[in-house]
Every structure is written in structure tokens, then in C-alpha cells.
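Reader: I would like to go through a structure feature by feature. Please give the general idea each time, then the case at hand.

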Amino acid sequence: MLKKLPEEVLNLWNNWEIRGMVLLSLLLQTILIIFGSWRKTNARSWIRMLVWSAYLSADVVATVALGNLAKSQGDSSGASSENANNSIQAFWAPFLLLHLGGPDTITAYSIEDNELWLRHLLGLVFQVGVAFYVFSRSWGSGILTFIAIPMFVVGIAKYAERTWVLWSSCSKSLKNSSLSDFGRSYLLAGELETPLQVLQENYLLQAYTFLNISMFMMQDLVPGISSLIRSRELIFKNKDGAFKVVEAELGLIYDMLYTKAPLIYSRAGIILRCISSLLSVTAFITFQVKIDKHDYSKTDIAITYLLFAAAVFLEFYAFLCLVLSDWTMIWLIDKGGNGLTNATYSLIRKLTRGERWSRSISQYNLKSSSIEREPPKFLEFLGIDEMMRQTHVNRKDLNGKLQDLIFEHLLKKAEKIKVDLNVFDKNHRSKIIGQRGDGVLEREGLLRDYKWCTTEVEFSRSIHVWHLATDICYVVDKDGSNVSTENETSRCLSEYMMYLLVIRPNMLSKGFFDEVYQETLRDLRVLWRLKDRGPDDKEYQRTLQVLWCLKDRGPDNKEYQRTLLELRNSESRGCDDIEFKRRWKTSKSVLRGVETLARQLLLLEPKKRWGIIKEVWVEMVAYAAAHCPWKEHTRQLKRGGELLTHVSLLMLHLGLSEQYEYNRSNDFLLFSEVNEMNEEYRKARRKYLEGIAATSGSSLDEEELEEYDKARDKYMEGIEDMSGSSPNKVYTEPDLERKKREHEREEQVLKVLERKERALEREEQVLERVLELEMQEVVQLRSYSTASASQQGIDSLPRSLPAQSDDEFSLIIVN
């Protein structure tokens with residue numbers, strides 16, 4: 001096909017094919033270097049599209065360029081000037097390896113890219129082989145060949161770095177590293193040489209301390225109760241900066257998953273950076289001094305200078321990222337104490353902006369999107385209709401008041417669990433985080449009237465009805481341009497949850513029922529077309545249209561005032577109206593429920609109404625955060641972050657998570673120094689064990705429990721002595737041997753107690769199973785009694801029952 005083109009075009013193509021590919025590869029690397037880290041702090045879609053395009057194209061372009069270089073080196077015959085150009089173009093091969101290694105700011109576009117490390121390993125072997133082939137074909141062409149050697153070392157090292165980082169960030173490697181790192185993450189004297197008070201005061205150190213437990217939980221691993229208590233106490237001591245701690249922690253997690261942070265912030269990574277920087281600068285200076293520029297094409301010389309400039313810039317930018325990162329500041333704080341480190345830390349704080357995510361939340365208003373013209377049907381088959389939903393999304397800056405509101409709500413729940421000593425009770429924690437509006441309604445004594453729109457429906461349907469009802473209350477209570485902060489906050493959370501439901505459905509626990517959304521949207525569009533309300537219109541449609549539309553004509557509109565007065569003088573019908581319940585359960589659209597919920601809410605005083613609406617939405621946000629899969633949370637980090645992810649991590653550190661479990665064999669190791677935590681741990685454990693004993697019908701063995709506590713304390717004292725953490729004690733070899741034997745005996749005692757506890761738990765499980773079988777038999781007995789009484793009379797009852805043993809039948813009668 002190319003042969004049919006004019007000769008001038010063919011010559012231009014032949015001369016610029018390799019040059020164009022190399023320059024395009026350089027351009028893509030520049031985009032990734034500059035914009036790769038922006039997606040962490042910016043939620044704009046054009047940045048994501050730009051980075052996505054560059055990320056997918058960069059490897060392909062560099063690979064094709066290497067292939068063309070290999071092809072061009074295959075024929076070395078020709079004029080000397082052409083051979084010279086071939087040799088300098090072969091010199092570009094190590095730079096293409098450098099491009100394949102990618103910048104430090106992005107190694108994976110999505111979390112799934114980390115799982116493809118084996119593919120990159122194969123690519124590393126193949127592309128290095130191609131580059132060596134190109135290099136060998138141009139061997140002996142002068143000093144240029146020897147200048148290429150250090151650049152080959154840098155290119156191979158960069159490509160190998162990327163492959164290793166992808167391997168270290170895959171799920172299997174993360175799980176293995178989390179298991180090994182988690183044990184020392186909460187031993188503050190281990191990695192961090194910082195007093196507990198300083199740790200509580202500095203949010204960066206606290207975030208680094210939380211990093212291991214967060215990575216541990218994100219692999220769906222199960223930490224112990226002691227980790228829960230320690231996390232919660234650290235957050236309690238830093239109430240004013242809790243969200244700031246989580247923000248810094250998620251920034252560290254982003255670096256671990258999407259950049260070369262696992263390597264470049266280690267000792268080996270720093271050494272590699274120094275070596276690669278030295279080699280790149282040395283090669284550049286040698287090229288500048290030793291190469292005769294007149295022997296080569298001016299265009300190729302210019303491209304070579306560009307490649308060198310990009311390589312040096314890449315090293316310099318990597319050095320800046322290393323110095324100005326949170327990781328460096330954490331190291332300076334931890335190792336600080338002298339004037340130099342403190343001055344360096346202060347300088348870095350001034351030079352950095354401190355942005356770690358977009359600090360904004362998305363908003364989606366269902367009513368506003370329904371006013372727009374309905375898209376053509378064929379777009380639905382192409383899947384473009386889902387993309388069009390994005391056009392109705394707005395972003396709003398996150399304010400501190402909203403964060404304080406959420407944190408205060410979560411703090412109350414965590415403090416209640418602590419005061420009630422229910423930290424060991426996983427079922428109690430599940431009940432607390434399982435509240436999605438019913439918790440506040442129960443406290444207000446209103447749950448019976450609002451069950452139909454909270455606990456008795458799917459979560460997605462509940463979001464729909466509360467979102468539209470909140471919008472109605474907002475319109476009704478809006479006084480001109482004056483809107484209270486509480487109303488605005490409630491509406492903001494309402495539109496955020498609707499955004500998650502429509503645009504990010506995978507983040508919600510129950511998924512997204514698109515049918516409910518589509519039917520409700522269709523009914524809303526029908527509602528706006530009802531300009532002349534007639535007697536055939538449904539009552540709830542007329543009410544909704546009056547509340548939504550006529551308010552815009554002014555608050556003094558007579559029909560609007562009459563409808564509003566009727567609503568406020570009417571009685572609540574949600575929980576008692578049988579006809580409404582029947583239609584509510586069978587209807588896919590939620591508009592009927594919206595009118596009923598709005599009616600119920602408008603019966604309340606404005607202050608109480610908005611207090612309930614606000615707390616209901618906060619509970620819904622907390623419920624969604626607690627039940628969102630961790631993988632979905634990590635996916636949002638590349639989009640600028642989500643408020644839901646921050647709430648989820650905050651709940652994790654406050655102990656509001658189902659993942660924590662009681663494990664006696666591990667938990668007792670972590671409280672050797674903190675007496676207050678020790679006391680809470682013991683009291684909560686006693687309450688938990690007493691509850692198990694009461695359920696199984698046995699009594700708690702006080703002597704065994706006391707013996708366990710003594711053995712545990714003595715064991716911890718021995719661990720402290722043998723580790724040398726008590727500087728005033730000096731032990732000889734016989735003393736250490738004797739203590740070792742004592743520890744072994746104490747471990748045996750602990751194992752015996754653990755076996756007894758496991759036997760008690762098995763007994764509890766058996767008892768629960770027996771009770772379940774008995775209940776099934778009682779239900780079966782009642783059904784047989786009803787059937788036999790209607791057909792044969794009560795005397796035929798024994799013949800209709802299945803055979804029962806005397807013991808089983810007597811047990812049923814007693815119960």
C-alpha cells in the first residue's frame with residue numbers, strides 16, 4: 001500500500017519512521033512524568049483519559065521503535081553517512097529501555113496491572129534481547145558504542161525496577177508482606193524510635209503506624225482485638241486531625257500500589273538512584289565532549305540531546321519526589337531531634353503543597369437529571385447512556401464541617417462500644433455498623449413509622465426514596481437565598497450517596513438495581529409533562545408536582561400553600577396503610593414512597609426534621625463505607641480519592657469493623673507497656689467469656705482466668721527481659737536458660753487454657769445447633785397440628801407425626 005504513495009512521501013516516511021517513533025515515545029514519557037501523579041490529587045476526567053492513553057500507548061510505541069531499530073540495523077551496507085546515522089540511531093536503544101521502565105510516578109494505571117508482572121518480566125527478557133541485538137550490530141563504530149554501555153545499565157535497571165515493583169504490589173506479594181510486617185506494626189519501639197506522645201501528636205507518624213494494619217486489612221486478613229484497641233486509642237488522642245491522618249495514610253497506600261515507592265524509598269532504591277544518576281550524567285558529559293557532531297545528521301544529534309535531557313530530567317525529578325515526599329518527612333521526624341533534621345523538615349513542609357487527594361465530593365441530583373431530555377434509545381444498546389450520566393455529575397469542595405459531622409457520629413459509636421466493654425463482641429460491632437438510618441430513628445422513637453423505607457427495603461431503594469424526599473424538604477424549607485448549613489450538609493450527603501449509587505455502584509454493598517433507577521427516572525419525566533393536572537392523575541403525582549414545581553412561582557402561591565397545609569395537617573400513613581405497603585413493595589418506581597416519606601418528614605418540626613435527615617444520611621454513608629469491598633476503595637485512589645474511602649479507614653481505626661476477631665494466641669503479646677489498654681482488654685475479655693459461658697449454660701472458671709492473666713503477665717515480663725528492653729537488669733547465661741524454661745512451661749499452661757476455651761466454643765456451637773433443631777421440630781409440630789385438626793380431628797394428631805424418640809418428644813413439649 002505504501003509503494004503507491006509518491007516518492008517524496010516514501011522518503012519522508014523512511015527517514016522519519018524511527019525518529020518519529022522515538023520522539024513519540026519521549027512525548028508519552030513526559031506526559032506520564034508530569035501528569036502521572038496528578039490523578040492522585042485531581043478528579044478531573046480529562047487527566048485520567050490523558051494518563052490512560054499515554055500509559056497504554058507508551059509500551060507499544062517503545063516496543064515498535066525497538067523493532068524498527070533492529071530492522072534498520074539488519075542491513076549495514078550503504079554509504080558511510082548512512083552507516084553513521086544507523087549507529088547513532090542504534091545508540092537510542094538503551095533510551096527506549098529506559099522508557100519501558102517508566103517514570104517513578106506511575107507503574108500501574110489500575111490495581112489489576114500489578115497482577116500482570118509476569119508479562120512484564122517476559123517483556124523485559126525479550127526487549128533487552130532486542131536492544132542487545134541492535135547494540136551488537138553497531139559494535140565497533142567508535143566511542144559511541146562505549147557511551148551506550150552505561151545507558152544500557154540504566155535502561156535495564158529501570159525496566160527491572162518496574163517489573164519488581166509490579167511483582168511486589170500484586171495481591172499475593174502484598175498478602176505475604178502484610179503477614180510479615182503486621183506483627184511489628186504496633187510495636188512502637190520497633191521501626192519508629194518515637195515516644196507514644198509524639199506519635200499521637202504528629203499525623204504523619206500516626207499514618208505510617210496505621211499503614212501496615214490498613215494494608216493487612218485490605219488483603220482480607222484478620223487482625224486481633226489488641227490492634228483494634230491500640231488503633232482506637234491513637235485516633236482518640238488525635239480527634240482534631242483524624243481525617244488528616246487518614247488522608248496521609250491513603251497517600252502512602254497510593255504510593256505503595258501505583259508507584260515505585262516500595263523500591264525507591266528503601267535503601268536499595270536510593271543506592272540504585274545514585275548509581276543511575278551518576279551513569280546518566282557521565283554518559284551525557286562524555287557524549288558532549290568526545291563525539292564529533294559533524295559526523296552525524298543534525299536531526300539525529302538533536303534527538304539524542306533530547307533523549308539525554310529527558311533521562312537526566314527523569315533522574316532529577318525522581319530525586320525531587322524522593323526528597324519532598326511524606327516518606328522523607330516521616331523519616332526526618334522519627335530520626336529528628338537535632339537542628340539539621342528539624343530545619344530540613346521545616347524547609348520541605350514549606351516547599352510542598354500538602355495535597356494528597358482531590359478534597360472534593362461528587363454530586364448527582366436525580367430530579368435535575370430527569371428534567372433533561374431523554375437520550376435516544378439506541379444509545380442504551382451502545383452503552384453510551386451510562387457515560388451520559390457523568391454529564392449530570394458536579395463536584396463540590398469538601399468542607400471541614402462535613403468531616404467533623406461524620407467523625408463525631410463515628411466517635412459516639414466507638415465510645416459506646418468502649419464504655420459497654422463490647423469490643424470483643426463481633427456480633428455487637430456488626431449490629432452497630434449495620435445501621436443505615438434505623439439507629440437514629442430508633443433513638444428518636446420513630447423506627448416503627450419509618451421501617452418501610454429503611455430496614456424493610458434494599459439499601460439502593462432506600463437511597464432513592466430518601467434522596468428525593470430530602471430534595472423536597474430542601475425546596476419546601478428554602479427561604480429565598482437563605483439556606484441553613486444543616487440543610488445544605490444533608491443535601492450534599494444525599495446527592496453524594498446518589499452519585500455512588502448511579503456512577504459507582506460497585507462501592508455499595510448490595511450493588512445497583514438499575515431497574516429501580518430507570519423506572520423512577522421515567523416517572524419523574526412523566527411528572528414534569530403533567531402541566532394540567534386533571535382528576536385522572538394519581539394523588540401522589542399531584543402532590544409531588546405541587547411541592548417541586550409551584551414553589552418556584554413563589555412561596556405565596558395559593559395552591560402550593562394549600563397543599564403544604566394539607567400535608568402538615570395529615571396523619572402519617574406509611575406504617576399502617578396496607579394498600580400503600582402493597583403497592584410500595586410491588587412498584588419498581590419509588591415516587592409513591594417519596595410522597596409518603598415527604599409527608600411524614602414535613603409533619604415534624606423543622607429543627608427535628610433536619611436533625612433526623614442529617615443523621616440518617618451520615619448512618620447511610622457509614623454503612624456504605626463499612627460494607628464496600630477493599631478493592632473498590634483502592635481503585636478510587638487513582639481517581640482523586642473518595643470520601644467513602646476516608647470514612648471506611650476512619651471506621652477501621654475506630655474499631656467499627658467486622659474484620660477484627662478475638663484470637664487469644666496472638667492478642668496477649670501486644671500489651672506489655674500500656675496499662676490503660678491492658679485494663680480495658682481484660683475487662684472486655686472477661687465480659688465476652690462470661691457471655692459465652694452464660695450462653696452455653698456453664699459458669700466462668702475464675703481460677704483459670706486468673707491463672708491465665710498471671711501466666712500472661714509473667715510471660716510478657718520474660719519477653720521484655722530477654723529482649724534487653726530493661727536496661728537496669730543484667731542476666732547471665734544460667735539466668736537466661738532458666739527463664740527460657742519458665743517461659744516454655746508458661747506457654748504450655750496457655751495452650752491448655754486455649755484448648756479449654758476452644759472446647760467451650762465447640763460446646764456453644766453444638767448447643768446452638770440443638771436449639772435450632774428443636775425450633776424446627778416445634779414449627780413442624782404446629783403445622784401437623786393445624787392440618788390434622790381440619791381434616792381428621794385432634795385425635796388423629798399422633799398418627800400424622802413422624803416417629804420421635806421419648807427424649808426428643810419430651811424435649812419438644814418442655815420447650
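Predicted model: local features only at pLDDT ≥ 70, side-chain atom pairs only at ≥ 80, totals over all residues.

Reader: By what is a pair of aromatic rings described?

Author: Two quantities are used: the distance of the centres and the angle of the planes. In this model the count of aromatic pairs is 24. One of them joins Phe35 and Trp38, with 4.9 Å centre to centre and 70° between the planes. That pair is edge-to-face, because planes over 60 degrees apart are put in that class.

Reader: Which class does the pair of Trp164 and Trp167 fall into?

Author: The pair is tilted, because the planes stand at 55°, with the ring centres 6.1 Å apart.

Reader: Where do Trp164 and Trp167 sit in helix H7?

Author: Helix H7 covers residues 143-168, and the two tryptophans are 3 residues apart in it. Trp164 and Trp167 are therefore separated by about one helical turn. Trp164 is partly exposed at 39% relative accessibility, and Trp167 is partly exposed at 36%.

Reader: Which residues form one aromatic cluster?

Author: The cluster consists of Phe91, Phe95, Phe284, Phe287, Tyr305 and Phe308.

Reader: Next, charges over rings. What sits over the ring of Trp16, and what lies over the face of Tyr258?

Author: Over Trp16 it is the charged end of Arg19, 5.3 Å from the ring centre. Over Tyr258 it is Arg39, at 5.2 Å from the ring centre.

Reader: Turning to helix packing, at what angle do H10 and H11 pack?

Author: Helix H10 (residues 203-218) and helix H11 (residues 225-236) pack at about 155°, and their axes are 11 Å apart. Angles over 145 degrees count as roughly antiparallel, so H10 and H11 belong to that class. H10 passes H11 in a left-handed crossing. On the H10 side the contact is made by Gln206, Thr209, Phe210 and Ile213, and on the H11 side by Ser227, Ser231, Leu234 and Ile235.

Reader: Now single residues. Where is the place of Asp113, and what does Asp113 touch?

Author: Asp113 is in the loop between helix H5 (93-101) and helix H6 (117-137). With a relative accessible area of 16%, Asp113 is buried. Leaving aside residues up to four places away in sequence, Asp113 touches Tyr55, Ala108 and Leu166. Asp113 and Tyr258 are 145 residues apart in sequence, while their C-alpha atoms are 9.1 Å apart in space. Tyr258 is the residue whose ring has Arg39 over its face.

Reader: In which helix is His633 found, and what does His633 touch?

Author: His633 is found in helix H33, residues 630-636. The relative accessible area of His633 is 0%, so His633 is buried. Residues up to four places away in sequence again left out, His633 touches Met507, Ala625, Cys628, Leu644, Thr645 and Ser648.

Methods: Residues numbered from 1 in each chain as written. Heavy atoms only, no water. Phe/Tyr/Trp six-rings, centres within 6.5 Å; stacked < 30°, edge-to-face > 60°. Helix = DSSP H or I, 4+ residues; strand = E, 2+ residues; numbered from the N terminus. Buried < 20%, exposed > 50% of the residue type's maximum accessible area, 1.4 Å probe, protein only. Lys NZ or Arg CZ within 6 Å of the ring centre and 35° of its normal. Axes fitted to C-alpha atoms, helices over the stretch in contact; angles between N-to-C directions. Parallel < 35°, antiparallel > 145°, perpendicular 65-115°, else oblique. Left-handed = near helix turned anticlockwise from the far one by under 90°. Contact = heavy atoms within 4.5 Å.
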